[in-house]
Amino acid sequence: MHSSTWLTLLIVVPLVGALGAALVQKTPGRAYVVALVTSVVEMVLAIVVAVLYNHHVPHAQTFDFATRHVLSVPFGLAYDVALDGISLLMVVLTALTVLLALLGARDRRQEPAFVAWLLLLTSFTMGSFLAHDLLLFFIFFELTLVPCYFLISQWGATQRAKAALKFFIYTFTGSAFLLIGILYLGFAHQHQLPTTALTFSYGALSGTAMAHGTQVWLFIAFAIAFAVKAPIWPLHTWSPISYAEAPTAGSIELSALLAKLGSYGLLRFAVGLFPLALPTMRPLLLTLAAIGILYGSMLACKTPDLKRFVAYSSLAQMGFITLGVMSGSQIATVGAVLLMFNHGVITIGFFLIIGFIEQRRGSILIKDFTGLQGPAPILAALFTVVMLASIGLPGLNGFVSEYLILIGTFATHAWWAVVATFGVVAAAVYLLWAYQRVFHGKAEGPNAELADATPKEQWVLVPIVLLIIVLGVFPKPVLDRITPSVQQLIEHVEPGGLNK
Amino acid sequence: MKLVIPSIHYLAILPVLIFFGASLVLVLASALARGKVPLWVATSTIVTAGAASIVVNVVQWRCVARAGASTTIAHAIVLDDFSVVASGVIALSVIMTALVAHDWAVRERVSGVEFHILALASSAGALLMTQANDLIVIFLGLEILSIGLYVLVAFDRRRATSSEAALKYFLLGGFASAIFIYGAALLYGASGSTNLTSISYFLGSNVVLHPGLLYAGGALLLVGFAFKVAAVPFHLWSPDVYEGAPTPVTGLMASIVKIGAFAALLRVIISALGTQLDTWRPILFVLIVLTTVVGASLALVQRNVKRMLAYSSINHAGFILLGVWAGTVRGSSATLFYVITYAPIVVATFAIVTLIGGVGDEHHSVEHYQGLARRQPWLGGALAILLLSQLGAPLTTGFYAKYTVLASVVDGGGGALALIALVSAAIAAFFYLRWTLALYSDDRLDGARVVVPKWTGAVIAFGVALTVVFGIWPGPVATLAQHATFLFTP
């Protein structure tokens, strides 16, 4: 087993970076450099962890780098981190997101505070993905709200105050259910073994025996919190306005990364801890996921601005992820975990390009654009790659994950898979139509003078394009890391096996 | 009949004596001194008394650790870890308030030591409540606490709202006291004693066949306490009084009244009437639901920050009651944890409100806070942290306070109650955030800078430091609160 210091570093380095950025705020531009260096270090750490990760640790259920320090006995509070194949992918995504957000969506208004909040957000998100204790997870999960709130409310567009409040209140209310659920579970575990101290350790709680009814209620409590975060239809109503009003870096963090906290939590905690509730809850959540896919696709066709467009297409994509997570099929779950990462990569690409356009034109309304292909061919080409990946063109990363989800789900829950497949067609419709409206046609007025992507902007998008292609043709190293952990989880929740 | 004077363990009542003594010293000094007693003398008297009381608390803690909890003066006063911790935090809040009030008095040109005399006497009442083991002594503490506060609320003679608030507080407070003492009388009738230990013993060893008197007595006591902690529907006085009182006094009220009243409430409900807990639970349930939800919802429509904080403190009172509802060791220690972490935060918050209030103590609209954090990042940032702490954001003590009371309720089988309370916290989040948003808004960037006097600044820094340090590392306070309730619950 590897030392847990690596994980602690992943959490602490951005904190130090945020502090550093705050300390050098007097010199203009210095904070940005500090933040950039920090995020590069973070990326390197994430890659090191990804290379080192070994799923064959005895008695650790594919978890590596684990450690546990009890901080307060009466509170049951402990610093407990560990990493498995599922969280590994999220860790890499977290590091990637902040690096690209800093590089591609620099915001010079009050820059020290801006980068400090971004780094704090990175640290807290990292903590959520690494936490192996429910209380610790909750603390980090809840903490992510604070930087997000400030990022939206300070650097957002005109309706930022409303968006920030809506985001905070929605998520905070959702978490209320989660906290009560966690407490209930913790005490249920303690009451079974009255001699033990209160603990929220994931390992200990996953063995708690509970009646079917209890598990269903707890599952619902957990699922509400994660459905708000993901978002899953019909709890998504905060997301379009928040994505649209947030500054570009904020939109990237929210949709590429924080949404994954929802689906990750659903898989790890709701599905992982309450297997008995699954037969009861599965039809409901699969249905909501399918509705989300169709509803998101439909609204993506109608929405007037580009950021909301990505928000609704994300709702559809999160529907696919939920479908995979809830399917009970190992293949589909692997696909869902992969799609969490792929959707992150694709969304970063989308928002970066939209950010570039917004910088040039000061608008994100689709009707303001036409024929951008002419003056900005490189930008159009980059957008095309990202778009095709999102449609699920074979050979690009989106295809692999959607394909795995659909075949896996078809084996266990065929009808939902059939409905969801229409979502793939719908994605092609809304994406190509949006592309047509924005990039095709004859450019006139300010559109004709739109500058093409600068070399720096092209370089920022290179990692995205590379990931899209590499994960499209050679996803094996990634799949090899996810599969053992997913297998472990599915075997735990479906001992008989829904697998076909 | 021969009068027997009971033996007195002076160490147990030393903090109360110190506070009363200091107050008497100031009375004498102002009567005997030629001219006026300088302000700094009065302030340093309070600070010294508070510090001495905290030192005594440390000695008491050791004494309890060695010899166990004890009662004295015919079992009317109890010395246990619970009272020691609660009185220590009361003394701390009084010191913090005195420092804020010092700068306030300089600004408002308040001379004379009446303010300090009353503050000391009131605090002595609060201290007495934490140690009371007899309904009569609780009543005494309550009255000493309240009478001082009635006058303090009216202290700003230039503002009509101040006198109005005091009259309102006095009338409703008088009713509350009457209800309380009537409840005490009925309970005496039902159990044959006013001593909490005797009541508990009586109820534990007898079956009350006609419990009408007992129920009526307990219910009236509960109503009396509900008035003092401003639980809905007995909260109507609180927003007006919070708004009308001089701001440092509001801070004092919000802190020491909560500690004193909840300490006494715990002793009555848990120690004396613990066997009857199932009878009180439905009443407490309704009280908590109303208090948390109404407190949070009405705060939304306020524009005046002092009224907002009044409703926020009502919401907090609901949360603190959760620990009482649980009625377990965990619940009691959760209640203690909540009040001792809440008190310094609320004093520090009102310290900032005092500063922004400006000369005349009148700038209390949310608009006056617009752009504060842009102009003065440290002051605005401090207020943002204090508000986030009251909201219950992690990495502040406010989170663990809510966490621990909710844990005790869930442990006691009240998942639904915990959920209702927590959803009310989400409603409350709305107005804390709206205020925070005003702090960081771009408007009024040209507004005047607020001068931060050094003592007030120190109090604010101390409050913020406490909430952040123990928010990151709650272990010591959690252990302290747990330890303090071991010897206390029967």
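I am working from a predicted model, in which local features need pLDDT of at least 70 and side-chain atom pairs count only at pLDDT 80 or more, while totals for chains, interfaces and linings use all residues. Residues are numbered from 1 along each chain as its sequence is written, and chains are lettered from A and ligands numbered from 1 in the order in which they are written.

Chain B. I found 19 helices and 2 strands in chain B, taken as DSSP runs numbered from the N terminus (helices H or I, at least four residues; strands E, at least two). The radius of gyration of chain B, taken over C-alpha atoms, is 21 Å, close to the 23 Å that the globule rule (2.2 Å times the number of residues to the power 0.38) gives for 490 residues, so chain B is as compact as a globular protein of that length. I noted that 60% of its 490 residues count as buried, meaning that 20 or more other C-beta atoms, placed from the backbone, lie within 10 Å of a residue's own.

Helix 16. In chain B, helix 16 covers residues 397–411, and because 15 of its 15 residues are buried, the helix is largely enclosed by the rest of the structure. After helix 16 of chain B comes G413(B), with a positive phi near 85 degrees.

Note on methods: Buried ≥ 20, exposed ≤ 12 C-beta atoms within 10 Å, placed from the backbone. Expected span 1.5 Å × (residues − 1).
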